[in-house]
Amino acid sequence: MPAKDFLSSMQKKRLQKALQEGNCSHFRERVLMLLLLNDGKTYSEISAFIGCSYRTVAYWCVHGDPDQLDSLRDRREHGNFRKATEEYIQLLIEVSKKSPHQLGFECQYWSGERLANYLAEKTGIKLSGTQVRRILKQKKIHLTRGKLQVGHRTNTTNDRLKC
């Protein structure tokens, strides 16, 4: 374990700035670990203060490089779309903008499950409907929902009876 004040003043300033401006809680937590270690705290004290495991603190204090802040980041910040490649996402966006009728479906509107099944046939990448909807939501694309046909028919029948 490094001695107290092992960080240079420039490293410490950079870490303090990253702690204030970081938008990912995991990243800020790791930066805080290095700063507390620099203040002379032990791994046990840091884990008790932050509320994480001893092993987590030990890992990030050894593997985190104060000169390269990216060493304290992981893929959680970017979303968990390991299966969905950029090509898959582009195809998803293109297909979601088309009508299902154009692609040979009988339905009028896309659902997440329909899109997932269609793209699984085309690309071989199987995602759930929830994952597909989550990707579309991140891209600010919303699937339109059809109106209930039963309620619409009931209203027209009632209108006819009134006339």
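The following exercises, each with a worked solution, concern the predicted model shown above.

Residues are numbered from 1 along each chain as its sequence is written. In this predicted model, local features need pLDDT of at least 70, side-chain atom pairs count only at pLDDT 80 or more, and totals for chains, interfaces and linings use all residues, while side-chain values use heavy atoms, with hydrogens and water left out.

**Exercise 1. The overall architecture**

Task: State how many helices and strands the protein holds, and what share of its residues is buried.

Solution. 
- Step 1. Helices (H or I, at least four residues) and strands (E, at least two) are DSSP runs, numbered from the N terminus.
- Step 2. By this rule the protein has eight helices and zero strands, and the order from the N terminus is α-α-α-α-α-α-α-α.
- Step 3. A residue is buried under 20% relative accessible area, exposed over 50%, and partly exposed in between (1.4 Å probe, protein chains only). Of the 163 residues in the protein, 31% are buried.
- Step 4. Contact means heavy atoms within 4.5 Å. Among contacts between residues at least 6 apart in sequence, 52% join residues at least 24 apart.

**Exercise 2. The buried face of α7**

Task: Determine which residues of α7 are buried and where they lie around the helix.

Solution. 
- Step 1. The buried residues of α7 are Gly 129, Val 132, Ile 135 and Leu 136.
- Step 2. Viewed down the axis of α7, these residues fall within an arc of 125 degrees, so they line one face of the helix. The arc is that of the directions from the helix axis to the C-beta atoms.
- Step 3. A general rule applies here: an α-helix has 3.6 residues a turn, so residues three or four places apart point the same way.
- Step 4. The partners of the buried residues of α7 are α5 (86–97) and α6 (112–123).
- Step 5. Just after α7, Lys 140 takes a positive phi of about 60 degrees, although Lys 140 is not a glycine. Lys 140 lies in the loop between α7 (129–138) and α8 (149–162) and is exposed, with a relative accessible area of 70%.

**Exercise 3. The crossing of α2 and α4**

Task: Describe how the axes of α2 and α4 cross and which residues meet.

Solution. 
- Step 1. Two packed helices are described by the angle between their axes and the distance between the axes. Axes are lines fitted to C-alpha atoms, for helices over the stretch in contact, and angles run from 0 to 180 degrees between N-to-C directions.
- Step 2. The axes of α2 (residues 25–38) and α4 (residues 54–63) come within 9 Å and cross at roughly 80 degrees.
- Step 3. That makes α2 roughly perpendicular to α4, on a scale where angles under 35 degrees count as roughly parallel, over 145 as roughly antiparallel, 65 to 115 as roughly perpendicular and the rest as oblique.
- Step 4. From α2, Arg 30, Met 33, Leu 34 and Leu 37 meet Thr 56, Val 57, Trp 60 and Cys 61 of α4.

**Exercise 4. The cysteines**

Solution. 
- Step 1. A disulfide is a pair of cysteine sulfur atoms within 2.5 Å.
- Step 2. The structure holds zero disulfides.
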